[in-house]
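Take a look at the structure below. The report then walks through its parts, starting with a single side chain.

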Amino acid sequence: ALILLEEKKIRNKQKDFALGLYEGVMANIEVCDKAIIKHLKDWDFERLGAIERATLRLAGYEILFRDLDSAVVINEAVEITKAFGTEQSPKFINGVLDAISKDK
């Protein structure tokens, strides 16, 4: 993660923010994955696309462990998947994250 930030010349507050998110997700990845898996319904976690899995982990971490407005986190995750995921991704991401936010 650190090498990528250096290559992209991401420094100072942005670097600290990105590293904080990365380290938070990695430190809590099992809890995040468990919350995601609980709400997948007919999906297999291992078969999720990389964008969807990463987005769910990051947003799941923010919902579960940070004092942020869940609606804002979900909206940002949906926007990411609109740009980088499949056509079905936004609705799927919205549903899983909404269920996680209601559980917390």
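Lys102 is exposed, with a relative accessible area of 63%. Here, exposed means over 50% relative accessible area, buried means under 20%, and partly exposed lies in between (1.4 Å probe, protein chains only). The model is predicted, so local features need pLDDT of at least 70 and side-chain atom pairs count only at pLDDT 80 or more, while totals for chains, interfaces and linings use all residues. Residues are numbered from 1 along each chain as its sequence is written, and side-chain values use heavy atoms, with hydrogens and water left out.

**The whole chain**

The protein chain has 6 helices and 0 strands. Both are DSSP runs numbered from the N terminus: helices (H or I) need at least four residues, strands (E) at least two. Read from the N terminus, the order is α-α-α-α-α-α.

How far does the C-alpha trace of the protein chain span along its principal axes? It spans about 40 × 30 × 25 Å.

Of the 104 residues in the protein chain, 38% are buried. The chain exposes about 7100 Å², and carbon and sulfur atoms supply 53% of that area. Such areas come from the Shrake-Rupley method with a 1.4 Å probe; for residues, only the protein chains shown count as cover.

Contacts tell us about the fold too. A contact means heavy atoms within 4.5 Å. Take the contacts in the protein chain between residues at least 6 apart in sequence: 62% of them join residues at least 24 apart.

**The nonpolar core**

In soluble globular proteins, nonpolar side chains tend to be buried together. A nonpolar core is a set of buried Ala, Val, Leu, Ile, Met, Phe, Trp, Tyr and Cys residues joined through side-chain atoms within 4.5 Å. The largest nonpolar core here holds 17 residues. Ile36, Leu40, Leu56, Phe92, Val96, Leu97 and Ile100 touch the most other members. Helices H3 (29-38), H4 (50-65), H5 (70-84) and H6 are the elements that give two or more residues to this core. H6 gives the most, with 5 residues.

Leu97 sits in helix H6, which covers residues 89-103. Is Leu97 buried or exposed? At 0% relative accessibility, Leu97 counts as buried. Setting aside residues up to four places away in sequence, Leu97 touches Leu56, Ala59, Gly60, Ile63, Ile74 and Ala77. Leu97 and Thr55 are 42 residues apart along the chain, yet 9.8 Å separates their C-alpha atoms.

Ile36 is another core member. Beyond its neighbours within four places in sequence, Ile36 is in contact with Phe45, Leu56, Arg57, Val96 and Ile100.

**Salt bridges**

A salt bridge is a side-chain nitrogen of Lys or Arg within 4 Å of a carboxyl oxygen of Asp or Glu. How many salt bridges does a search of the whole structure find? It finds 4 salt bridges. Among them are the pairs in this table.

| Pair | Closest N to O distance |
|---|---|
| Asp33 and Arg57 | 2.8 Å |
| Asp98 and Lys102 | 3.0 Å |

Start with the salt bridge of Asp33 and Arg57. This pair links distant parts of the chain: Asp33 is in helix H3, Arg57 is in helix H4, and they are 24 residues apart. Asp33 counts as buried because its relative accessibility is 12%. Leaving aside neighbours within four places in sequence, Asp33 is in contact with Phe45 and Arg57.

Lys38 is exposed at 57% relative accessible area. Asp103 is partly exposed at 42%.

Asp98 and Lys102 are 4 residues apart in helix H6, so about one helical turn separates them. Asp98 counts as partly exposed, at 29% relative accessibility.

Most residues other than glycine have a negative phi. Lys41 is not a glycine, yet its phi is positive, at about 60 degrees. Where does Lys41 lie? Lys41 is in the loop between H3 and H4. With 77% relative accessibility, Lys41 counts as exposed.
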